[in-house]
Amino acid sequence: MPSTAEDLDRKTFFYNLLVPVMNKYIDGLDQGKGMYLLFIKPEISTPSGLMARPVLTSYYKSSNFRNRPFNRYNVYTSPDETILCPDSKQSMYCQLLCGLVQRDEVLRVGAIFASAFLRAIKFLEDYWKELCSNIRTGCISDWIDEHRCRNVVSSILKEGNSELADLIEIECSSISWEGIIKKLWPRTKYIEVIVTGSMAQYIPTLEFYSGGLPLVSTMYASSECYFGINFKPLCSPYDVSYTLLPNMAYFEFLPVERDCGEVQEQDFHGNGVSDQKNSIDKKMETVDLVDVKLGHYYELVVTTFTGLYRYRVGDILMVTGFYNNAPQFRFVHRRNVVLSIDTDKTNEEDLLKAVTKAKLLLAPLGFLLTEYTSFADTCSIPGHYVLFWELKTRGNNDPAELDRITMEQCCSTVEESLDSVYRRCRNKDNSIGPLEIRVVKHGTFDALMDFCLSQGSSVNQYKTPRCIKSEAALKILDSRVVAKFFSNKTPSWEPFRMETH
C-alpha cells in the first residue's frame, strides 16, 4: 500500500489520541512503563527503487516513532534497538529480558495482535531458565550477537539480581501458568492487544494467562488505512466497537444483508453480488458515514490520502451505536476469509487451489479426495491450519493403507500453494505451525451434513462448509479421524518475489 510522510504524521496523531482515551479510564499510567512487544518484518526494494515493507515496520523505522515526544519518559521497557532488531528471535529474547528486569515498573503489557502476545508467552515458557540465568549473573547470553541489542540490554541488566531471578524462577516453575502475567508483572493494569476479527479466537487463552486483567483492544487499523478507536476500552473483548475518525480517510459503506447467518453484499437493485473486485463498480451505491443505520451491515470502502480510490477493504462491519453523533462499528468478519492464525488471510478460493494441487499426489496411489474442510487450530502455540480429508479408493470404499511420505508431501504442497503472507509466517516469523491433514473415515461428511441440516440448514442449498467453527461439528469430524499427518518442511519464502492479486 502506498505511504507518504504526511501519512506517517496522521498515524502518529492516531497513536497519540489513544493516550487520553486510556487515561480517562485508568489512572496513573504515567507512573510506570508499558511492556509492549513490537517487531519489524523483512523489507525489499522494488525495481523502481521504492522501499516496500509492512506498515508497522515502516512506522517503527520512521523518525515519527524514534523521535516520539513521549520518548523521554521511557514509556516502553523495550529500547528502540531491540524493537528494530532484524532477528526476530533475538528481538523477542531481549524485549522479554528487559521487561522482566523492569517488572516493578510495568503498568501495561501487550503487542499489536493477540497471536503475537501469546507467541511471546510460549517463547517465555521455552526460555525462562536462560532468562533467569542472565538476570542472576548480569550477563546476556552469548548467542545474542546483534551488537546494538547486546549493548543496550547489557546497560539495563547492569549487575546481577539473584533475588529477582529466584522470584521469576518460582513463578515460571509452577505446574500451571494460569495467571502468569499478573504474577510476573504484578502492577499491570491491563493487556493491550487486538482481539477483534480473527484474533477473537485467542480470547479464552489470553484470559487463562491474564489473571483477570482486562483485555483492551484500542484501535482498528489495516495496511490500507488507520480507521478508528475504541472509546470504551474496558468493555468485554467480545463487545468491542470502533468509532471511525473521518480525518483518517474518506469512508463509504457498501450495504450487505444477513441471510441465515451469512452476509451477502447487494447491488443497487438488491440483487446478490458475487464480484470480488477490490474497486467499487459504478453501479453499486454506497452510503456515507453520516447515513449508516443502527443494526445494519456494511462493507467498508475507503478513499485514502495516499492514493487508494474507493477501495474495498474487505471488512464487514455492523453499526452498534453512536459516540456523540459518530457511528460506532463492530468488526464482524473479513469477506471470504476462511482461515487465519496471525496476519495471514486465506480465502476459500486460495484454499481450493492449494488442495487441488495436493490431491494430485494421491492419484498414483489409487485414492480420490471426495470432500474436505478446515479449521484454524489455536489450542497450541503457534496455531496451525488443519484440513479434514475424506478419501476413497478407486472403484470401492474399502480402506487402503495410506503412505505417510505421500501424505506429508500433500501437507507441504498445500503450504507451498498458499500466498506469501502465509509462507512468511511459517518460514520467517514462525508464527504459524506446520499444516496438518486429518484423514477421516468414509461417511464422515454425510454425518456433518446431517448435523448441519439438524441445525436448520436447507437440504436444497447445503454446501460443505470449507471452514468449521462449530465445536459440535468439530467433535463429529474429530471422532472419525483415522490418521494424522503434518508438513515436515517449511514452505519456501522469497522476500524479493513480488506478488499481485
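1. Thr304 is buried, with a relative accessible area of 12% (buried means under 20% relative accessible area, exposed over 50%, partly exposed in between, with a 1.4 Å probe and protein chains only). You'll find Thr304 in the loop between strand S13 (297-303) and strand S14 (311-323). Helices (H or I, at least four residues) and strands (E, at least two) are DSSP runs, numbered from the N terminus.

2. Before going on: this is a predicted model, where local features need pLDDT of at least 70 and side-chain atom pairs count only at pLDDT 80 or more, while totals for chains, interfaces and linings use all residues. Residues are numbered from 1 along each chain as its sequence is written, and side-chain values use heavy atoms, with hydrogens and water left out.

3. Back to Thr304: its side chain and that of Thr306 are joined by a polar contact of 3.2 Å. A polar contact is a pair of N or O atoms within 3.5 Å; within protein, one must be able to donate a hydrogen and the other to accept it, and residues adjacent in sequence count only if both atoms are side-chain atoms. Setting aside neighbours within four places in sequence, Thr304 is in contact (heavy atoms within 4.5 Å) with Glu224, Cys225 and Ala249.

4. Now the sheet. S1-S4-S5-S6 is the order of the 4 strands in this open sheet, and the pairing is parallel; two strands pair if DSSP finds at least two bridges between them. Strand S1 (33-37) and strand S6 (215-216) stand at the edges with a single partner strand each, so one side of each has no neighbour in the sheet.

5. Strand S4 (residues 106-113) runs parallel to strand S5 (residues 190-194), and 4 bridges join them. Val109 stands opposite Ile191 in S5. Helix H6 (residues 114-137) lies across S1, S4 and S5, at about 120° to S4. Axes are lines fitted to C-alpha atoms, for helices over the stretch in contact, and angles run from 0 to 180 degrees between N-to-C directions.

6. Next, a helix pair: H11 (residues 348-359) and H12 (residues 404-417) pack at an angle of about 145°, axes 8 Å apart. On the H11 side the contact is made by Ala354, Val355, Lys357 and Ala358, and on the H12 side by Cys410, Thr413, Val414 and Ser417.

7. Asp419 sits in the loop between H12 and helix H13 (420-427). Asp419 is buried, with a relative accessible area of 17%, and its side chain reaches the backbone nitrogen of Tyr422 at 3.0 Å. Asp419 and Ala354 are 65 residues apart in sequence and 9.7 Å apart in space, C-alpha to C-alpha.
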